[in-house]
Amino acid sequence: MTKRRSRGDGGLHWDDKRQRWIATASLGYDPSGKRIVKRGSGKTKTEAKNKLKEVLRDYEDGLAIAPADYTVERAVNDWLAYGLNGRDPATVKTCTILCRTHIIPALGARKLRDLSAEDVDKWLATKAKELSTRTLQGLHGCLNRAIKRAMARDKVKRNVVALCSVPKGKSGRPSKALTLAQAEAVLVAAKGSKMYAYIVLSLLTGARTEELRALTWDHVDLDGDPDASPPIPPHVAVWRSVRAGGDTKTQKSRRTLALPQRCVDVLSQRREEQQRDREDEWSRSDLVFTSATGAPLDAANVRRDFRKAIHNARGVDSREWTPRELRHSFVSLLSDNGIPLEEISRLVGHSSTAVTEAVYRKQIRPVLQGGAKAMDRIFHSE
């Protein structure tokens, strides 16, 4: 005689409402005393039993079962909503655009549990035909972090994106530097414009545009202290940026730079102009560079006004240049004049000379002449 199964041990039954076979198994009780029952369903008995086996295997692995409709789109949207807390608004905006434009349309409908490394590889390969390598890295990073977050919340067993490498994309527009003649033409063309002081300071100090936009007058000393020992020249303290929290890009980016006389002159004029404008009470901001209404500058303001200011520069097509390339030009001009790489690295606030070489390798003097000149002095030619 077949022994009757105890109540709660599970079983297999037909559900008329769902029109499916339901396989169940009891796994004991949770801390509150409620029975833990796992279920698997299918159109056939075999399908239901196999589904239950999969559920039990996942349970034993410590993995909660994600809803059947939990898709890549839901995982990405959850990450955008809850995984970017504390990030800079510009970072959130960029990630949102990448996800909504490229990830969700292509992979969003895929169930997260079914997403494979092969799916991700094919998607990245397709995107590589139209996007730059930098953008591909951003897409990979967004999807990787979204699925990593889902995995931490037991929505999926593993993060397949972490198994995929980023292919090489289309070549982006390489950064370039102004020659001395072009730099002089830019300064001549910009003179008299509202961007003149900004352009002079950027070109002659190498400060980042994000650092200049956050620069305040209390960090500018146009007099210095010539009676000090040693004398203190006029200088600018690059201690802030428009990044989240106001910090500079790296610890070594926090630096104090002596000002060339030309910078002292244009900043003195800039301060006088602001003091006159403030009589009209349009602004009480302590920022050195502001919009026409005294508001803080954003990247679009700077880029638009920069191109307008250099529109008539001889030998320079304003449409092909951006404000950050003034910094590249600073590095190039110093290198051409024999300034050592270590000194250039300190001036631009890089964490090491390796960063300077990697980012500005086209602007660094390619031929190292110090050794040859020293050997010429030591060993006179015959």
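Trainee: Which helices do the buried residues of α4 pack against?

Mentor: This is a predicted model, in which local features need pLDDT of at least 70 and side-chain atom pairs count only at pLDDT 80 or more, while totals for chains, interfaces and linings use all residues. Residues are numbered from 1 along each chain as its sequence is written, and side-chain values use heavy atoms, with hydrogens and water left out. A residue is called buried under 20% relative accessible area, exposed over 50%, and partly exposed in between, with a 1.4 Å probe and protein chains only. Contact means heavy atoms within 4.5 Å. In this structure, the buried residues of α4 pack against α3 and α5.

Trainee: Which residues of helix α4 are buried?

Mentor: In helix α4 (residues 117-127) they are V120, W123, L124 and K127. Seen down the axis of α4, these buried residues fall within an arc of 95°, so they line one face of the helix. The arc is that of the directions from the helix axis to the C-beta atoms.

Trainee: What covers the buried residues of α2?

Mentor: The buried residues of helix α2 (residues 72-82) are V72, A75, V76, W79 and L80. Viewed down the axis of α2, they fall within an arc of 135°, so they line one face of the helix. Their cover includes α3 (89-107) and α5 (133-152).

Trainee: How many helices and strands does the chain have?

Mentor: Helices (H or I, at least four residues) and strands (E, at least two) are DSSP runs, numbered from the N terminus. The chain has 14 helices and 6 strands. Of its 382 residues, 38% are buried. Among contacts between residues at least 6 apart in sequence, 56% join residues at least 24 apart.

Trainee: In which sense do strands β2 and β3 pair?

Mentor: Strands of a sheet pair through backbone hydrogen bonds, either parallel or antiparallel. Two strands pair if DSSP finds at least two bridges between them. Strand β2 (residues 20-29) and strand β3 (residues 35-42) pair in the antiparallel sense over 7 bridges. Y29 stands opposite R35 in β3. The two strands form a hairpin with 5 residues between them, and G33 in the turn has a positive phi of about 95°.

Trainee: In what order do the strands of the open sheet lie?

Mentor: The open sheet has 3 strands in the order β4-β5-β6, with antiparallel pairing. Its edge strands are β4 (220-221) and β6, each of which pairs on one side only. β4 is joined to β5 by 2 bridges, and D221 has H235 in β5 as its bridge partner. Between β5 and β6 there are 4 bridges, with R255 in β6 as the bridge partner of V238. Strand β6 (residues 255-258) has R255 and L257 on its covered face, and T256 and A258 on the uncovered one.

Trainee: Which residues line the largest cavity?

Mentor: On a 1 Å grid over the protein atoms alone, a cavity is a set of points where a 1.4 Å probe fits but cannot get out, and lining residues have an atom within 4 Å of a point. Grid points are joined across faces, edges and corners, and a volume is the space filled by probe spheres set on the points. The count comes to 1 cavity of 30 Å³ or more, and the largest holds about 50 Å³ of space. Its lining consists of L201, T205, A207, E211, L212, L215, V236, V238, R240 and L257. The elements that give two or more residues to this lining are α7 (196-205), α8 (209-212) and β5 (235-238).

Terms used
On a 1 Å grid over the protein atoms alone, a cavity is a set of points where a 1.4 Å probe fits but cannot get out, and a pocket is an open set with protein on both sides within 12 Å along at least five of seven lines; lining residues have an atom within 4 Å of a point.
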